[in-house]
Amino acid sequence: MRTKNIITNIKAIYTMLLCCIAFLGQAQIEKASVLIKNGTVITITDGDKENTDVLIRDGKIQSIGKGLKAPNGAKVIDADGMFVMPGIIDAHSHIGIDAVNEATNVISPEVATGDAINPFAMTLYRALAGGVTISHAMHGSANAIGGQCETIKHRFGTMDPEEMKMEGAPRTIKFALGENPMRVHGEGRNIAPRTRMGIEQLFRSSFAEAQNYTQLWNEYNSGKTKTPPAYDLRLETLADIMAGEILIHCHSYRADEILMLMNVLEDYGVKNITFQHCNEGFKVAPELAAFGAHASVFSDWWAYKFEVYYSTAYNAAILMKNGVVTSINSDDRQLIRHLYHEAAKSQRYGDLSDNDALKLITINPAIQLGIEKRVGSIETGKDGDIVVFKNHPLSIYAVPQYTIVDGIVRFDINEQPDDMRIDIDPKEAMPSFYEDVHDHDKCLQDVQDFLLHKHSHQH
Amino acid sequence: MRIIITSFAFFVVGLLSAQQVEKPVNGSFLLDNATLVTVTNGTMTGDLLIQDGRIAEIEESISPDPETTVIDCQGKFVYPGFIDGNTHLGLGEIGAVSLTQDYNELGSFIPHMQALTAVNPSSVNIPVTRVEGVTTALAVPTGGRFPGTAALINLHGYTPEQMSAGFKAVIMNFPSSGKRGRWDRRSEEDIKKDAEKATKEIDDIWEKAKLYHTIDSTSQAQGKKRIDYNPQMDALMPVFRGEASLIINVNKKNDILNAIKWVETNKIKAIFMSVAEGWRVADEIAKAGIPCIVGPIMRYPSRDSDRYDAPYKNPGILSKAGVKVCIGTNETENVRNLPYNAGFAATYGMGTEEALKAVTINAAEIFGLGKELGSLEKGKIANLFVSDGDPFETKTNILQLFINGWNIPLESRHTLLYNEFLKRDPGLSK
Amino acid sequence: MRKWSLTWACLFLFFIGNAQNSDKPKNVTNSYVIQNVNIIQKPGQQINMGSIVIQNGIITQVGKSVNIPFDAEIISADSMFVYPGFIDALSHTGIPKDESEKPRTDNPGKPTNEAAGIVPDRLSSSLLSAKSKSIEGLRNLGFGISHIVPEGNMMPGSGAIIVLNGKSSEEMVLKDDVSLFGTFKGSGRVYPSTIIGVLAKWKDLYRNAEIAKKHTESYQMNPQGVGRPAYDAATRALFPVVGKSKIIFMKTPSLLSIHRAMKLQSDLGFNMALCEVKQGTEVIDRIKAKNYPVLLSIDIPKAEKKEEDKEAGKDSTETKKKVEKKKKDVDPEMEAFKERKNKSIAQYIGQAAAFEKAGIPFSFSLESGKSKDLKKNLMAMIEAGLSETAALAALTTNPAKLLGISNIAGSIEVGKMANLVMTDKSYFDEKSKIKYVFVEGASFEFKDKPKKKKKGANDSSTVKVDGKWSYTMEIPMPDNQGVLNIEPTGDTYTVTLTLNGQEDDPEIIEDVELIDDQMSFSFEVTEGMVMTVEMELNFTEDSFEGTVKAGDFGTFPMTGNRIADPKN
């Protein structure tokens, strides 16, 4: 569409040639085979199966059953007395990327965290050690229309940032409502929006502008005019959102702003939205369910700012019981290390069943990221992303033993050294000690300090 | 509600108050036929009687008088209330709204700032915390070198004094040679220099305290009027004279070693707080006999090279080395996660029994309240709760809660919103 | 000190007034013959004991025997070694740091191109300052040609190839606007402020330029019925880039930045050279497959000497004990950290050798780090397996080819520009010294500094330097004599310097270094003019000789005699 017509023509053959060369030069995504024997297999979509084997062949789950044979050279894991579940998926994190916010412009859909992947980030390994195989590396919440996000597979050990990307995962984008964009732009710079009214109009004007841009290109491509419009990656991306090519993940807290965005999207015919954080989602659960919107929430975070003061840790349970596809996310390099425990809190707060609690960190986030056909449950044909636990994953005594991505054991509690760094500083032998206990401001990372209140949590 | 109540009278009260605010109830309560996890005297099945705010009796069987509310605890567990050794509870309400935060006064040498003064008994955070079994917390001021005096509070009361649990301590942030955060661009060299400078400042303060002590004790002995008003030094004197504990916040290995030296040189009764790298120097801390408020346990490793579970293992390693360990979450609105911090400690080497002690009797003893709090023993203050299982497990529900013998309704903003919105009325309609 | 300022101010005037006949006599010829020299014509090709004839800046003869022009100055090279003048494949040489205050932007989301650091239309030639010290600095290391680019954020400007000698930028520029320098550096304050903003902006600008170029071209062919293309200098400057006639030199020191650059390049399709590469070993295969030109950084981390090596040579029992004691309380974790660090260092240092082994030709860029460390760092790379031939190629033929100047530079061949570097031993001998550098036929000679007297290693200073000394500076000025008073203070010295007739206005220097018998110190002249005066003096019992360096004016000999014994 749009400019693609021209560029495609120019580039078609060239790109093909380039691809051939690139193929030679680029390493393939590494896959392997592994047999996990005799565990309690928590499939998520087909119940729990005791004393059952799971065979992963060349990165895909080939079979689930009893007495399976390992192919030649495949690793065998004895999971006797252990629990085997799908790799945990975090629908909201900022790990493994070198930049989170391009906070200079309140509308910045053209930027993409996929351009800033850092495969050496220790956060990735430590998430694996918590059983998380996939995370949604999101842009921050400084801007009303933030950047595109990247669904990454935790292939820690890989040096190429491109190989961290989950190949074939749909494009996603971050939107943000409420206090964060109001604080950064309105309060910080005296540039609209300073209110939730202003935020609504930003969405409306952006969508209208993108429609206009598409129109101009259509006129040019159909020969109606000979003057090509100026190329604008920002409007290109907005047009892609409106065409439904990009899933929206919107940072939101208050019930009113959630309703507002659903109204705007309805007016422009846009579907596919997951409300992130969605602390007051419980108040509008029926509306969310009716719109088909999803919610990705914290297990229990609240009160770190005014818009989350009227929250409840029972949010996930209320949403689930009202038929909203709900996930529990981390948004934090520490929480991502024990998402299984965060999901377990939905049992204290709302009595969810084991399977519903585990859906919150497996198939549901997979649905929200549009990758549910590939991951999120243990089914034949799906990706070989698995975590093996000692003790039930919802127990406080659960300890991840192996985390497997594409059939490769990327975390092994017994075999790996303490120091797992890949990129070693040639200047300092002893890695620095960091005092910070509360590192709760990733969502506004890269926003200049003067715009933020110190010592506060800014999710 | 899931509470099983056999007393008819109590049931009626419950019904009536459904329309209004539920209030805590005082009186005489018998926890009947419960599994009593006493912490200090093993686990037994029996009855526990609460009277006049204290545990009046623990026996295999107690016959209640007619005034006593009997609560059937068949198959249920009774635990002493949990104690969090490091929180901002009562001092902070909304993170990003600075005017709701009362734990960080201006100034660096202000040991006379009293946390108890600023504890807000009506903080929404307090009910949210206690309904999860946390009955007591240390409210800690932060920032600067000597940010003030922390206070131990019980999580029920309408005035700070009613809440006070009887322990206070001056807080000191030991000079750190670590980086403050990823934004900290100082070189290792500069950090070292800064820490050395700060250490010198502390030594200067102690020199002055020494002089102040001499003048102060002489003037008292001779009945003379003392020199001018100096609340900072007055606040430090009990610490200087070894009469009161000083809580020292310290994390990095070398800083801990320096803090031990400093404590020994100045003969201070010290408690260490946070202690992230305690596991590297557990033997040295044990040798010095300094108890530790460790935590948060669920924290991110301090160095890129650390094993991923180093923070989880920290309390277990310290405890095994012989250090008396309690746990501090360093939380405000989520102090309720204390049992899970203890659970992680238990899972990663400490064991459930030790972890349970860490959040009960050890904390009580560290705060000098071993005879009052921290276990189910006759005569102790009735801070306890009834659960349907292991309180470290998320699946477990807290069924009854007592603070100072008051039966506290298990209600908080979170439960109220749940009850209102699980089935919203009206639901979906235009 | 007022008088000192006046002295140097006069010196300054003297230089201005005598620009035509400074202390160096004007050249009487532009012809040189270098005789009896080992000629390394290009990497791997050598003529032993041959001659080179230079006329008017061009090499006119090379060989075992040559015809000596009648007007030639003969340089008897006495078995020295001569190499093609080095070519710096990318640096900021001659471009002063931009310290101008950036205009404030009210809306950080819509900054001007300049504020955002997007100035592909900025020419290096317009920024070049012939007076910059860095030009002389690079020349002194043997370089004759430099590919210079401006410093800045994502698109700092276009590159120029310059000859490292000339009185004005016009004289120096060989080719202008030859390349586009690119980085991934955000501006911090305005859009694009971060790596994600920068990469989006690269894509946006590039694709926009592709369409704008087509639009502009079609408008030029037939404007009828076509809207007029907007004029935008930055976009125009990208036309040769999207037209593939201009290469982007992308600054990619880290492995991640290399990956990012390769991804961007394969998305957009421009021609790219990777420059200032420090961590490229990991992606050698891909670089080879994509045939990217590579500029390796000469900036490498310092290898740590092992403890045992440090102690080696001192064979006393005491040091042995020390080593044993150290072994006893080693922290295994720390040892592992050190080992990992050393491995990492080895990989940085071994990068060039790895590229050579993979058969990838590369050049060196001097964009970061200290160019002074060139030789030292080259030697470290050679020790790590880089061949001398490949090292030389990276400084000569490879950059010449990359920059499209092979026909005039990179080797010692007839018809090429007379850029040469002459050393007393093989350049790659650890102790070699550069004796001459020729840049386009202009000769720069480097004389040995007065030799330091070596004494016993443990017995550092053998001469008592304290006392009063008279001195004479060989500067073309009357005020060139005075008294130097050296007094011991603690374990160092204080020097009091006066000029004759101005004893009431002394210069007192407290930061003095004495190594063996060489004393060095410096002081600032701030009145009238600003400069640093540096003195380096070698003492014997009753006299000294050495040099005085006066800012940019040059270095002059200085001698002195003892006039009073400290004991008297």
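What percentage of the contacts in chain A with a separation of 6 or more do residues 24 or more positions apart account for? In this predicted model, such residues account for 71% of those contacts in chain A. Chain A has 12 helices and 16 strands, and 61% of its 459 residues count as buried.

**Two helices of chain A**

Two packed helices are described by the angle between their axes and the distance between the axes. In chain A, α5 (196-221) and α6 (residues 233-242) pack at an angle of about 100°, with their axes 9 Å apart. Angles of 65 to 115 degrees count as roughly perpendicular, and α5(A) and α6(A) are therefore roughly perpendicular to each other. On the side of α5(A) the contact is made by A:Ser206, A:Phe207, A:Glu209, A:Ala210, A:Tyr213 and A:Thr214, while α6(A) contributes A:Leu235, A:Leu238, A:Ala239 and A:Met242. By class, this contact has seven nonpolar, two polar and one charged residues.

**A sheet in chain B**

Chain B holds an open sheet of eight strands with mixed pairing, in the order β6-β7-β8-β9-β10-β11-β12-β13. The edges are formed by β6 (82-87) and β13 (325-327) of chain B, and because each has a single partner strand, one side of each is left without a neighbour in the sheet. Neighbouring strands of this sheet are turned by 25° against each other on average, direction ignored. Within chain B, β9 (residues 164-173) and β10 (residues 246-250) pair in the parallel sense over four bridges, and B:Met172 stands opposite B:Ile248 in β10(B). The helix α10(B) packs on the sheet, where it touches β6, β7 (134-139) and β13 of chain B, and its direction makes about 135° with that of β13(B).

**Backbone details**

Most residues other than glycine have a negative phi, and most peptide bonds are trans.

As for their places in the chains, A:Pro193 lies in the loop between α4 (179-189) and α5 of chain A, and B:Pro426 is found in the segment after α13 of chain B. B:Asn33 sits in strand β1 (residues 29-37) of chain B, whereas B:Asn404 belongs to the loop between β15 (398-403) and β16 (406-407) of chain B. Is each asparagine buried or exposed, or partly exposed? B:Asn33 has 17 other C-beta atoms within 10 Å and is partly exposed, while B:Asn404, with 23 other C-beta atoms within 10 Å, is buried.

**Where the chains meet**

At the interface, 45 residues of chain B are in contact with 53 residues of chain A. The elements that give two or more residues to the side of chain B that touches chain A are α10 (338-350) and α13 (413-421) of chain B, and the largest share, five residues, comes from α13(B). By class, that side of chain B has 14 nonpolar, 17 polar and 14 charged residues.

Notes: Residues are numbered from 1 along each chain as its sequence is written. Chains are lettered from A and ligands numbered from 1 in the order in which they are written. This is a predicted model: local features need pLDDT of at least 70, side-chain atom pairs count only at pLDDT 80 or more; totals for chains, interfaces and linings use all residues. Two residues are in contact if their C-beta atoms, placed from the backbone, lie within 7 Å. Ala, Val, Leu, Ile, Met, Phe, Trp, Tyr, Cys and Pro count as nonpolar, Asp, Glu, Lys and Arg as charged, and the others, Gly among them, as polar. A residue is buried if 20 or more other C-beta atoms lie within 10 Å of its own, exposed if 12 or fewer, and partly exposed in between; C-beta atoms are placed from the backbone. Axes are lines fitted to C-alpha atoms, for helices over the stretch in contact, and angles run from 0 to 180 degrees between N-to-C directions. Angles under 35 degrees count as roughly parallel, over 145 as roughly antiparallel, 65 to 115 as roughly perpendicular and the rest as oblique. Two strands pair if DSSP finds at least two bridges between them.
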